[in-house]
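Take a look at the fold below.

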Amino acid sequence: MTEDIPEREARAFDHVHGETFFITQRDGMFYAYQNVCPHLHVELEFLENQFLDQDQEFIQCSTHGALFDVETGQCISGPCLGEALTKVNIKVHSDGGIYLAE
Ligand code: FES
């Protein structure tokens, strides 16, 4: 539900295939990405639901500190510069439910 993901926060969810992904809200829009850093293909967070940097401005990988643009998933700083997070397509329904889009 959208109310579970406040502005500039992020939440992890289990994917049907056993992987996890996370959703974050920015300026009223929701963005979802697979929880895999393009650098070493490890999960991004060290602490639960800790996907953003200290200023909650960018998505951050806890392993080597790569920063990713929230809207595009593009790596803008760090060892995977030029690569990007893999987007997960979601749909936000008017009842506040967030669903995976096929
Ligand atoms: S594993 Fe994410 S920046 Fe190195």
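Predicted model: local features only at pLDDT ≥ 70, side-chain atom pairs only at ≥ 80, totals over all residues.

Residues are numbered from 1 along each chain as its sequence is written, and side-chain values use heavy atoms, with hydrogens and water left out.

Begin with the fold. The protein chain has eight strands and zero helices. Helices (H or I, at least four residues) and strands (E, at least two) are DSSP runs, numbered from the N terminus. Along the sequence, the pattern reads β-β-β-β-β-β-β-β. The radius of gyration is 13 Å, close to the 13 Å from the globule rule for 102 residues, so the chain is as compact as a globular protein of that length. That radius is taken over C-alpha atoms, and the rule is 2.2 Å times the number of residues to the power 0.38. The C-alpha atoms fill a box of roughly 40 × 30 × 25 Å along the principal axes.

Now look at the inside. Of the 102 residues, 37% are buried. Buried means under 20% relative accessible area, exposed means over 50%, and partly exposed lies in between (1.4 Å probe, protein chains only).

Next, find Phe22. It sits in strand 2 (residues 20-26). Is Phe22 buried or exposed? Phe22 counts as buried because its relative accessibility is 0%. Leaving aside residues up to four places away in sequence, Phe22 touches several others, including Ala10, Tyr31, Leu44, Ile59 and Leu85. A contact means heavy atoms within 4.5 Å.

One neighbour deserves attention. Rings of Phe, Tyr and Trp (its six-membered ring) pair if their centres lie within 6.5 Å; planes under 30 degrees apart count as stacked, over 60 as edge-to-face and the rest as tilted. The count by this rule is three aromatic pairs. Phe22 and Phe51 form a stacked pair, 4.2 Å centre to centre with 10 degrees between the planes. Phe22 lies in strand 2 and Phe51 in the loop between strand 3 (29-34) and strand 4 (59-60), so the pair ties together parts 29 residues apart in sequence. Both Phe22 and Phe51 are buried. With Tyr33, they form one aromatic cluster.
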